[in-house]
Amino acid sequence: MKWKIRVLPPAGYTSFASEFTGDKVTIGRDAACDMVLRFPSVSRSHATLALGDDGIVVEDQGSTNGTAIVTPGSPMSEPVTSPTTLKPGQRVVIATEITLELLKSPTPPSPESSLFESRMVDISELSTDAAIMVLDLCGSSAMAYSDDRMAYHLKQRLGSISKTVLDAKGVNFHKDTGDGFLATFADARSAWEAGSGILDLLAQRNRRTSNPPIDVRISLHHGSVFSYWSGGEDIHGSDVNITFRLDSIKVEELPSPPGDIPEKNRVLCTGAFVEQLNKEDCEHDCRIEECGMTEVKGISDAINIFWLSKKR
């Protein structure tokens, strides 16, 4: 049984991820713990994460500064006063300042009968509102066919460039999709600034290198996402599907495209995203241009599409 846990420490420290085996991880300042957190606020034996019948169970070990559970997008935290099973997407906070994110965790063994029996669950508790981003690397399949080594290099460079921006903008969820990634943010402004920041860094990189350019398409939407676990956190929902579908829209498919909208290195978004951005009543450098109600493959209703770019 394998675990992979990302540690998000206080400001001024670098985040890191660690892997563990077994059905339990002990956390504390003591060197005997599986995960050693050498911070004054952390108790010698602070908390444990263990595989339970219904998922991952967090338990405080009588620590001085406590253990809590937080749900991304929620401003409130829930103190752990007894063994508590984590819900999908939740994170653990140690001593009010160190956040643990489970990237991979063991799953309870299922009885043979469960292969043929199922139970519908209420997913309302799993739903959160989020700004959703999908980034797709253009031409990756053709590049992999012609030069597999270069294709691998370009994907690695895209990942390192994107991570710098995503971390700075407080990404809540991030998942590699092979040719890009899926991510969520607590607010629309952060999602837009992450998207435009990635395009800026890629443009700088493309101007300075003799290697093939890294061209991308970025899609933004705002809606509900449903978290679940399958050996690690994942999200799904119709709004996630809508965001993925925006990537395939060609300029000629837009009813009224602005004259200078590019096929690559662009940000397209939905009317729901623009509405949320305006609701947030915040200063931003985003130029918003309507492209019209567009038929999108796999989506029953037409979607009002907008092109976002930096104000000139």
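Let's start at Asp247, which touches Asp136, Arg217, Ser219 and Arg266, leaving aside residues up to four places away in sequence. Asp247 sits in the loop between helix 4 (238–246) and strand 17. Please keep in mind that this is a predicted model. The chain has a mean pLDDT of 87, and 91% of its residues reach 70 or more.

**Two buried residues**

- Asp247 has a relative accessible area of 15%, and because buried means under 20%, Asp247 counts as buried.
- His222 belongs to strand 15 (residues 216–229).
- At 15% relative accessibility, His222 is buried too.
- The contacts of His222, not counting residues up to four places away in sequence, are Asp129, Ala130, Ala131, Asp239, Thr270, Ala272, Phe273 and Gln276.

**The chain as a whole**

- Five helices and 19 strands make up the secondary structure of the chain.
- Along the principal axes, the C-alpha atoms fill a box of roughly 65 × 45 × 45 Å.
- Of the 312 residues, 45% count as buried.
- If you take the contacts between residues at least 6 apart in sequence, 59% of them join residues at least 24 apart.

**The second largest pocket**

- This pocket holds about 900 Å³ of space.
- Its lining is made of 34 residues, and those nearest the centre are Arg6, Leu166, Asp167, Val171 and His174.
- Two or more lining residues come from each of strand 1 (2–8), strand 2 (16–21), strand 11 (98–104), strand 12 (127–137), helix 2 (148–168), strand 13 (173–176) and strand 14 (180–185).
- Helix 2 gives the most to the lining, with nine residues.
- Sorted by class, the lining has 14 polar, 12 nonpolar and eight charged residues.

**Where to read with care**

- Among the elements of the chain, strand 17 (residues 266–270) has the highest mean pLDDT, at 96.
- At the other end, strand 16 (residues 233–236) has the lowest mean pLDDT of the elements, at 78.

Notes:
Residues are numbered from 1 along each chain as its sequence is written. This is a predicted model: local features need pLDDT of at least 70, side-chain atom pairs count only at pLDDT 80 or more; totals for chains, interfaces and linings use all residues. Side-chain values use heavy atoms; hydrogens and water are left out. On a 1 Å grid over the protein atoms alone, a cavity is a set of points where a 1.4 Å probe fits but cannot get out, and a pocket is an open set with protein on both sides within 12 Å along at least five of seven lines; lining residues have an atom within 4 Å of a point. Grid points are joined across faces, edges and corners, and a volume is the space filled by probe spheres set on the points. Helices (H or I, at least four residues) and strands (E, at least two) are DSSP runs, numbered from the N terminus. Ala, Val, Leu, Ile, Met, Phe, Trp, Tyr, Cys and Pro count as nonpolar, Asp, Glu, Lys and Arg as charged, and the others, Gly among them, as polar. pLDDT is the predictor's confidence in each residue, from 0 to 100. Buried means under 20% relative accessible area, exposed over 50%, partly exposed in between (1.4 Å probe, protein chains only). Contact means heavy atoms within 4.5 Å.
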